[in-house]
Amino acid sequence: MVEAQTWTTRRMSNPRLDSTATADHEVLDIPVTPTADVRNSIYNVGSHLSPNLLTALIIASWFMSNIGVLILNKYLLSFYGYRYPIFLTMLHMISCACYSYAAINFLEIVPRQHILSRKQFLKIFALSVIFCFSVVCGNTSLRYIPVSFNQAIGATTPFFTAIFAFLITCKKESGEVYFALLPVVFGIVLASNSEPLFNLFGFLVCIGSTAGRALKSVVQGILLTSEAEKLHSMNLLLYMAPMAAMILLPFTLYIEGNVARITLEKAKSDSFIVFLLLGNATVAYLVNLANFLVTKHTSALTLQVLGNAKAALAAFVSVMIFRNPVTVMGMTGFAVTVMGVVLYSEAKKRSKLQLTTH
């Protein structure tokens, strides 16, 4: 599963990407950019929809893609019997690279940005390594634990972000922020102790995925700090995805064997696997595209709020589909964790507001 959550703040670092400067009726100040009429007639799909309806459709698409990729990954890895999470992740990365290239170079959803130096390339490569680790661990965990438990663990990302920010940058938060993290940790402990399908390995790799996602957000803020090196989230995905695919190739060959031959042989006897893999890889890209569109039409804060709601909705949908057993204590632990995340977000907002006013 492709994880794409913390890149949205880059949008404000480039005035050409500011949503107020790229309205539907304006032309981006870039060479060889089509006129406004051409862009509107070809690409502006939502021009005949009311803004509220368009935003609602985008948010609905965001929910469908985010929950859809989780359900498809779980079905493939646990129920269908396709036990190759590294190869599956590599397919996700190849899909993201191809779709990103088409979206940026042909559909021009954002202006194309280029890697300007070897130093910037190495920084993006380092992020790709962390990105690979996080996504592979997340997909692997779905083989062993339910989606509901996976989402409960994933909700603890702010806890790991605060830890890595302190360890790497020595950044200290206010006491209120740290206090808000207590229910996040307590909730996941409660959910773990009462999870009927608890698996230690699945739990540990899911923790690794969550920690990797937090580490990537912290490292990204450190490495890509200069205005010249900052990339829009869609451009960053364009460069990270092929790097990630190349990183994963030797690992899938060494750990999972000749998985490509196995997949082709399986496709000859069951063509449904082709549909599953292509659909899964496409939805993995749509998650990133939906993240961008939600932020463009609403705000980064809205995306954060939707993320909390998504965790609960994904857990509910997965229980309805896969019928995995749940307990009252487990649901209570999940609710406590999500409540802690909401409290953490509010505490962070107040902390930032106090810093700007002083």
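## How helix 6 meets helix 8

Helix 6 goes past helix 8 in a right-handed crossing, meaning that the near helix is turned clockwise from the far one by less than a right angle. Their residues do the touching (heavy atoms within 4.5 Å): T157, F160, T161, F164, A165, I168 and T169 come from helix 6, while helix 8 brings I207, T210, A211, R213, A214, L215, S217, V218 and I222. Sorted by class, that's ten nonpolar, five polar and one charged residues.

The two axes, which are lines fitted to C-alpha atoms over the stretch in contact, come within 8 Å and cross at roughly 45°.

## What you're looking at

This is a predicted model, where local features need pLDDT of at least 70, side-chain atom pairs count only at pLDDT 80 or more, and totals for chains, interfaces and linings use all residues. Numbering starts from 1 along each chain as its sequence is written, and side-chain values use heavy atoms, with hydrogens and water left out.

## Two loop residues with positive phi

Most residues other than glycine have a negative phi. E108 has a positive one, near 55°, and sits in the loop between helix 3 (85-105) and helix 4 (118-141). E108 is partly exposed at 22% relative accessible area (from 20% to 50%, with a 1.4 Å probe and protein chains only).

C170 also has a positive phi, near 60°. Look for C170 in the loop between helix 6 (157-169) and helix 7 (175-193). With a relative accessible area of 58%, C170 is exposed (over 50%).

Technical notes: Helix = DSSP H or I, 4+ residues; strand = E, 2+ residues; numbered from the N terminus. Axes fitted to C-alpha atoms, helices over the stretch in contact; angles between N-to-C directions. Nonpolar A, V, L, I, M, F, W, Y, C, P; charged D, E, K, R; others polar.
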